Amino acid sequence: MLNGTAEEHGLGRAIVRALHLDLLLLGGVALLLAMGFVVLYSASGENLDTLYRQGVRVGIAFTILMVMAQIPAHHLRQWSPWVYAAGILLLLGVMLFGEVGKGAQRWLDLGVVRFQPSEFMKIAVPMTVAWYFADRPLPPRFLEVVAAGLLVMVPAVLIAKQPDLGTALLVAGSGLVIIFLAGVRWRILMGLGALALVAAPVLWHFMQDYQRRRVLTLLNPESDPLGAGYHIIQSKIAIGSGGLYGKGWLNGTQSQLEFLPERSTDFIFAVYAEEFGLMGVLLLLSLYLLVILRGLTIALRAQDTYSRLLAGSLSFTFFVYVFVNMGMVSGLLPVVGVPLPLFSYGGTSMVTLMAAFGILMSINSHRRLLA
Amino acid sequence: MSSRQPIKNQHQEQRLFLARIITLGVIIVLLFGLVGVRLTQLQVVNHSHFSTLSQNNRVRLEALPPPRGLIYDRNGVLLAENRPAYQLEVILEQVDNLQDTLDRLSTLLDLDASEIDRFRRSLRGKRPFQAVPLKLNLTDEELANFAVNRHLFPGVDVQARVARHYPHGEALAHVIGYVGRIDERELARIDSRRYAGTTHIGKLGVERYYEDQLHGQVGHQKVEVNAQGRILRVLEREPPVPGRDLVLSLDVRLQAVAQEALDGMAGAIVAMDPRNGEVLAMVSMPTFDPNLFVHGIPVRTFQDLRNNRRQPLFNRALSGQYPPGSTLKMLVGLAGLEHGVIRADRMMFAAGYYTLPNDTRRYRDWRRHGHGWVDLDKAITQSSDVYFYDMSYRLGIDRMSEFLGRFGVGEATGIDSTGERRGLLPSREWKRGAHGMPWFPGETLITSIGQGYMLATPMQLASISSTLAMRGQRVRPHLLRGVLGEDGEELHVAEPEFPPPVQVSRSEHWDQVLIPMEHVMHRPNGTAYQSAGRDALYRIAGKTGTSQVFGLADDEEYDEASVAKHLRDHALFIGFAPADDPRIAVAVLVENGGSGGRVAAPVARKVMDYFMLEITP
């Protein structure tokens with residue numbers, strides 16, 4: 001619909017087609033990455049070394065995108081349960097032998113590379129839930145919903161116990177949205193929603209102290225201005241003082257004077273909002289929306305249940321990233337440690353994101369070949 | 001695929017999916033709208049509020065790290081100080097031609113390739129107009145060279161920082177220890193507020209043990225910064241409280257004499273005042289330069305130190321555990337007297353070896369043909385092994401072990417430093433626990449001459465020597481003499497601690513083991529007479545010891561010349577002086593030194609001579 005005939009013109013487009021890429025998605029991602037570099041330069045205090053290292057990561061991540069785009073979805077589908085089983089084993093491995101970094105056990109040291117299995121599950125879980133529903137008649141029956149729910153919750157709980165609430169949330173979201181897309185009946189959905197409300201106090205009971213503190217801090221950040229509330233207070237000041245048009249690139253006092261913590265990683269959105277103002281924010285939101293809607297379009301046009309569900313889930317996960325990050329930085333949601341995709345400095349989530357885009361492109365481009 | 005799933009209705013599923021995707025899309029757009037509303041609220045509605053807050057945010061709180069307390073010896077000689085360390089820094093933006101500048105600089109001062117390499121690497125990660133260190137720790141000459149030519153180097157400047165310095169370097173490395181950069185483990189342990197702005201922390205020795213006193217209290221200042229983050233003015237200031245200055249009981253001159261006396265041999269010397277527990281000298285050789293660790297030791301240098309076969313990093317005085325050999329024979333003798341197993345004047349015939357009833361194994365004396373008829377005095381003076389074999393057989397391990405324990409064998413002395421080990425006091429219970437084996441009678445015999453399982457540190461031996469000197473009064477050895485008051489004048493003297501004393505039933509039992517210690521030094525048949533006691537100008541009480549590093553079969557003869565150096569016996573000596581009014585107690589250990597009488601005793605004599613007479617060897 002959006003591309004149809006238009007894409008068949010020109011050499012460049014032919015190359016893009018031959019490489020199984022998607023121009024619209026690729027353009028959106030590239031633009032976001034470019035803006036990310038501009039902001040990172042400012043957020044890191046004009047540190048070229050940081051940019052260089054981020055560049056290397058983007059290079060690696062882009063290579064993985066290219067590779068994933070070449071793999072037809074029906075292969076992924078066959079591998080799904082194995083990938084899932086391997087992921088669960090790795091998570092258990094982290095629990096038993098993991099390296100502790102910054103107080104949480106997330107890393108597995110495989111000698112050559114240090115590896116974060118929870119990151120891997122962000123793709124493995126949607127693949128598996130999609131695989132589970134692929135050949136079943138839809139909408140799913142109640143027991144099938146429960147089974148799929150278990151497939152999602154087991155890794156999510158393992159990750160939450162590491163403890164890494166942000167990633168657990170993303171993994172759970174990526175799986176649960178497939179149950180929704182598979183057409184689970186509204187009354188089951190309502191019932192589960194009610195159950196979740198009842199379960200909330202139980203969940204509170206199992207939360208780590210620091211996680212509870214974050215929720216409480218959200219409700220009243222001024223209660224602990226030098227401790228847990230400091231992040232939110234400083235980031236709200238940064239965003240708010242940016243105003244309609246921003247203070248200008250490299251001129252954000254909050255970030256340049258280092259009042260804003262974690263300004264290169266999780267709180268980079270505050271730097272952006274301070275320096276580019278509401279106008280910049282709206283531009284950024286539109287770009288993210290473009291990428292997400294393009295993903296949903298690919299899901300709609302996919303030709304089998306597996307591809308459809310997977311594409312829908314990957315697009316939605318990307319949205320959750322953006323929403324949770326902006327929500328926490330602007331004080332709408334508690335601080336859960338989710339990076340702003342394609343912006344934040346850091347390697348692990350970049351690779352997973354680009355792999356997901358690779359899969360989306362593959363689903364889109366292998367369509368006609370399969371038919 | 002679809003043939004296997006007859007009930008799957010593709011068309012209906014597709015419609016359902018479309019509906020769900022649209023629902024999802026609507027939710028996404030709505031939630032993005034929510035973010036947009038939230039940001040409008042922050043950036044437009046509340047803009048002026050946050051703008052004000054942002055303006056006020058130009059005031060920044062900065063930590064002012066406290067200067068670390070100094071360390072002096074008992075005579076006021078400075079042992080650890082804070083010295084300005086000068087480093088050369090470059091502000092890249094102000095340099096016209098970097099390569100040319102570096103070339104010209106290297107003619108003025110010693111710039112090696114690795115320094116330039118590190119400098120170029122840190123250039124990549126810098127902020128604009130940030131000064132990047134090029135060379136750390138300029139020498140006075142380099143400093144002067146550069147100062148004269150400074151006008152030729154725009155953008156290059158000298159920065160002074162305060163760094164810990166140990167003027168006596170190697171001599172006190174094992175006593176004072178050193179400070180080093182705070183590492184990750186320490187970061188988790190310390191209160192990060194107290195250490196805000198502080199980069200170094202005590203790693204070893206006194207520096208580590210008295211970290212709390214030496215560190216001081218962090219101060220703060222509120223400063224106004226401009227848009228570049230530069231400080232415009234100080235608004236409020238709460239100055240830091242400097243760390244307390246420590247005065248050690250150590251005499252750095254005695255320390256030097258002791259170190260000299262070892263003459264390059266590996267070993268340890270501890271000298272203390274038996275009356276109050278003040279440690280006067282504590283030497284472990286070989287040693288290292290603690291100043292290397294302050295600025296971060298190069299990996300190569302560290303590996304060389306760590307892999308060095310002579311182990312300069314190992315503090316033998318506190319962490320080295322050695323069989324005490326014959327140095328503890330007085331303790332065993334005293335146990336025999338107390339339990340009525342022997343009488344001081346009763347003679348026995350000490351042949352060249354001893355056998356247990358119903359056992360053919362020969363427990364040999366160090367002297368091939370034995371000592372003939374000996375009483376307790378002669379047994380200590382000449383160090384007869386057979387005399388003690390016989391006594392310990394009748395005393396038994398339980399009573400012997402309990403009595404040695406009263407002197408603190410197998411128990412840390414509790415000295416105020418790091419790395420002290422406990423040694424080992426063998427007993428029936430210990431052996432069952434550690435080896436799961438019963439105690440054999442033969443092991444009692446070798447324990448009585450300080451061999452077998454028994455281990456002691458040189459510090460423990462000095463403490464035992466001190467207890468003997470004070471006829472049973474024990475005192476906890478300590479390095480801290482006092483803390484200087486905040487005015488830098490008043491001395492808060494550390495109170496000595498006295499563990500429960502060793503009590504004996506009859507006072508003459510002390511004389512019966514202590515007088516023979518004088519004979520060791522001053523009678524021609526004493527084991528240290530020839531080497532150390534003969535020409536002494538004051539009375540010394542002492543006891544030599546030679547402890548085996550490896551076992552000999554009972555028909556084998558130990559021949560020093562034929563045994564590899566690292567398997568040679570350890571030479572030991574404990575003693576105190578003056579014998580009638582002890583003011584110094586000494587323990588000497590020379591690793592693989594051979595005979596305690598020939599090697600260790602003269603070392604102790606040199607230390608005592610300096611202390612008693614200020615005679616430098």
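Trainee: To begin with chain A, how many helices and strands does its secondary structure come to?
Mentor: Please keep in mind throughout that this is a predicted model. In chain A, buried residues make up 57% of the 371 residues, and of the contacts between residues at least 6 apart in sequence, 71% join residues at least 24 apart. The secondary structure of that chain comes to 15 helices and 3 strands.

Trainee: At what angle do helix H5 and helix H13 of chain A pack?
Mentor: The two elements are H5(A), residues 117-134, and H13(A), residues 305-329, and their axes lie 8 Å apart. Their crossing is right-handed. The packing angle is about 145 degrees.

Trainee: How do the residues of that contact divide into nonpolar, polar and charged?
Mentor: On the side of H5(A) the contributors include Pro126(A), Met127(A), Ala130(A) and Trp131(A), while H13(A) brings, among them, Leu309(A), Leu310(A), Leu314(A) and Tyr321(A). The division is 11 nonpolar, 2 polar and 2 charged.

Trainee: Staying in helix H13 of chain A, is Ser315(A) buried or exposed?
Mentor: Ser315(A) has its place in helix H13 of chain A. Leaving aside neighbours within four places in sequence, Ser315(A) is in contact with Ile292(A), Gly295(A), Leu296(A) and Leu360(A). Its relative accessible area is 3%, which is under the 20% limit, and therefore Ser315(A) counts as buried.

Trainee: Which kind of aromatic pair do Tyr178(B) and Phe293(B) form?
Mentor: Tyr178(B) is in the loop between helix H6 (173-176) and strand E6 (179-181) of chain B, whereas Phe293(B) is in helix H11 (residues 291-294) of chain B, 115 residues away. Tyr178(B) is buried at a relative accessible area of 13%, and Phe293(B) is buried at 9%. The centres are 4.3 Å apart with 15 degrees between the planes, and the pair is stacked.

Trainee: Which ring does the charged end of Arg308(A) sit over?
Mentor: Two arginines of chain A can be described here, and the charged end of Arg136(A) sits over the ring of Tyr132(A), 4.1 Å from its centre. For Arg308(A), the charged end is 5.6 Å from the centre of a ring in chain B, that of Phe17(B).

Trainee: How many residues of helix H14 of chain B are buried?
Mentor: This helix spans residues 329-338 and is mostly covered. Its buried residues include Lys329(B), Met330(B), Gly333(B) and Leu337(B), and just after the helix Gly340(B) takes a positive phi of about 70 degrees. The count of buried residues is 9 of 10.

Trainee: Where is Pro139(A), and what is omega of the cis peptide bond that joins Leu138(A) and Pro139(A)?
Mentor: Pro139(A) is found in the loop between H5 and helix H6 (142-160) of chain A. The cis bond between Leu138(A) and Pro139(A) has an omega of about 0 degrees.

Trainee: Asp263(B) and Asn592(B) have positive phi values without being glycines, so is Asn592(B) buried or exposed?
Mentor: Asp263(B), with phi near 50 degrees, is in the loop between helix H10 (252-262) and strand E11 (267-272) of chain B, and at 63% relative accessibility Asp263(B) counts as exposed. Asn592(B), with phi of about 55 degrees, is in the loop between E21 and helix H23 (596-613) of chain B. At 13% relative accessibility, Asn592(B) counts as buried.

How values were computed:
Residues numbered from 1 in each chain as written. Chains lettered and ligands numbered in written order. Predicted model: local features only at pLDDT ≥ 70, side-chain atom pairs only at ≥ 80, totals over all residues. Heavy atoms only, no water. Axes fitted to C-alpha atoms, helices over the stretch in contact; angles between N-to-C directions. Helix = DSSP H or I, 4+ residues; strand = E, 2+ residues; numbered from the N terminus. Left-handed = near helix turned anticlockwise from the far one by under 90°. Contact = heavy atoms within 4.5 Å. Nonpolar A, V, L, I, M, F, W, Y, C, P; charged D, E, K, R; others polar. Phe/Tyr/Trp six-rings, centres within 6.5 Å; stacked < 30°, edge-to-face > 60°. Buried < 20%, exposed > 50% of the residue type's maximum accessible area, 1.4 Å probe, protein only. Lys NZ or Arg CZ within 6 Å of the ring centre and 35° of its normal.
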